[in-house]
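Dear colleague,

My notes on it follow directly after.

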Amino acid sequence: MAILPILTAPDPVLKKKAEHVEEVTDEIRALLDDMVETMYDAPGIGLAAPQVGVLKRIIVIDVTQEGEEPFAYKMINPEVIWESEELSLYEEGCLSVPESFSEVERPSVVKVTYTDEHGLAHEIEADGLLATCVQHEIDHLNGTLFIDHISRIKRSIIMRKLNKMKKSA
Ligand code: NI
């Protein structure tokens, strides 16, 4: 396993659409393990493959609380197949948008299908933090960041801060 470097905005890779995974190979399983390790190391509650420079439709998520048994979802080709009309507001952050947070409104409940690391198909209904997180990570597969959901003014403030951080790094 390895900790992978995480790309930060405005890296152009983060704006690209990721490709469907055709076959779950050992290479894909190794990538999933590396992504989980990278997410825990960061630390974060979710990570999408484009954030580590791999344009494949793969995400990992662990929204368990401290004191709970950790559980990492490993999702290949995740897809939202249903979303509630009811919306929820959560303050979101992103490992690719370091040190910035903003409230984003999304459907409160979603049904998601995905393939696991053994090639098995799953369908889950997610609510609460898991619903927000899975939508945020699937967004990454379509080149969308949480800051694309907020006002232009708020986004430009965050982008200016990121550019400054990159210059001084
Ligand atoms: Ni993110």
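**Strand pairing and the hairpin**

L89 stands opposite E105 in β5. This pair belongs to strand β4 (residues 87–94) and strand β5 (residues 97–107), which run antiparallel and are joined by 7 bridges. Two strands are taken as paired if DSSP finds at least two bridges between them. Together β4 and β5 form a hairpin, with 2 residues between them. Helices (H or I, at least four residues) and strands (E, at least two) are DSSP runs, numbered from the N terminus.

The model is a predicted one, in which local features need pLDDT of at least 70 and side-chain atom pairs count only at pLDDT 80 or more, while totals for chains, interfaces and linings use all residues. Residues are numbered from 1 along each chain as its sequence is written, and side-chain values use heavy atoms, with hydrogens and water left out.

**The nickel site**

Three residues coordinate the nickel ion, at 2.1 to 2.3 Å: C94 through SG, H136 through NE2 and H140 through NE2. Donors are N, O and S atoms within 2.8 Å of the metal (3.2 Å for Na, K and Ca); water is not among the atoms, so sites may look incomplete. The spacing of the donor residues in sequence is C-x41-H-x3-H. C94 in strand β4 and H140 in helix α2 (residues 128–141) are 46 residues apart, and the pair links distant parts of the chain. Both C94 and H140 are buried, where buried means under 20% relative accessible area, exposed over 50%, and partly exposed in between (1.4 Å probe, protein chains only).

**Cysteines**

C94 counts as buried because its relative accessibility is 12%. A search of the whole structure finds 0 disulfides, a disulfide being a pair of cysteine sulfur atoms within 2.5 Å. C133 is in no disulfide, and the nearest cysteine sulfur, that of C94, lies 9.9 Å away. C133 also counts as buried, because its relative accessibility is 4%.

**Nonpolar cores**

A nonpolar core is a set of buried Ala, Val, Leu, Ile, Met, Phe, Trp, Tyr and Cys residues joined through side-chain atoms within 4.5 Å. The largest such core has 18 residues, of which I59, I61, M75 and V134 touch the most other members. Two or more residues come from each of β2 (58–61), β3 (73–83), β6 (110–115), β7 (121–126) and α2. The most are given by α2, with 6 residues. Leaving out residues up to four places away in sequence, V134 touches I59, I61, M75, V110 and V112; contact here means heavy atoms within 4.5 Å. A second, separate core of 14 residues includes A49, V52, I58 and V60.

**Helix α1**

Helix α1 (residues 26–41) has 16 residues and reaches 22 Å from its first C-alpha to its last, close to the 22 Å expected at 1.5 Å a residue. That expected span is 1.5 Å times one less than the number of residues. The buried residues of α1 are I28, L31, L32, D34, M35, V36, T38 and M39, and they pack against β1 (46–48), β2 and β3.

**Backbone exceptions**

Most residues other than glycine have a negative phi, and most peptide bonds are trans. Which peptide bond ending at P10 is cis? The bond from A9 to P10 is, with omega near 5°, and P10 lies in the segment before α1. The peptide bond from A42 to P43 is cis as well, with omega near -10°; P43 is found in the loop between α1 and β1.

N77, in strand β3, has a positive phi near 50° and is not a glycine. Its relative accessibility is 14%, so N77 counts as buried. E99, in strand β5, likewise is not a glycine and has a positive phi of about 60°. With a relative accessible area of 59%, E99 is exposed.

**The segment before α1**

L7 also has its place in the segment before α1, and counts as partly exposed because its relative accessibility is 22%. Neighbours within four places in sequence aside, L7 is in contact with V13, L14, P50, Q51, G53 and S96. The C-alpha atoms of L7 and E86, which are 79 residues apart along the chain, are separated by 33 Å.

With kind regards
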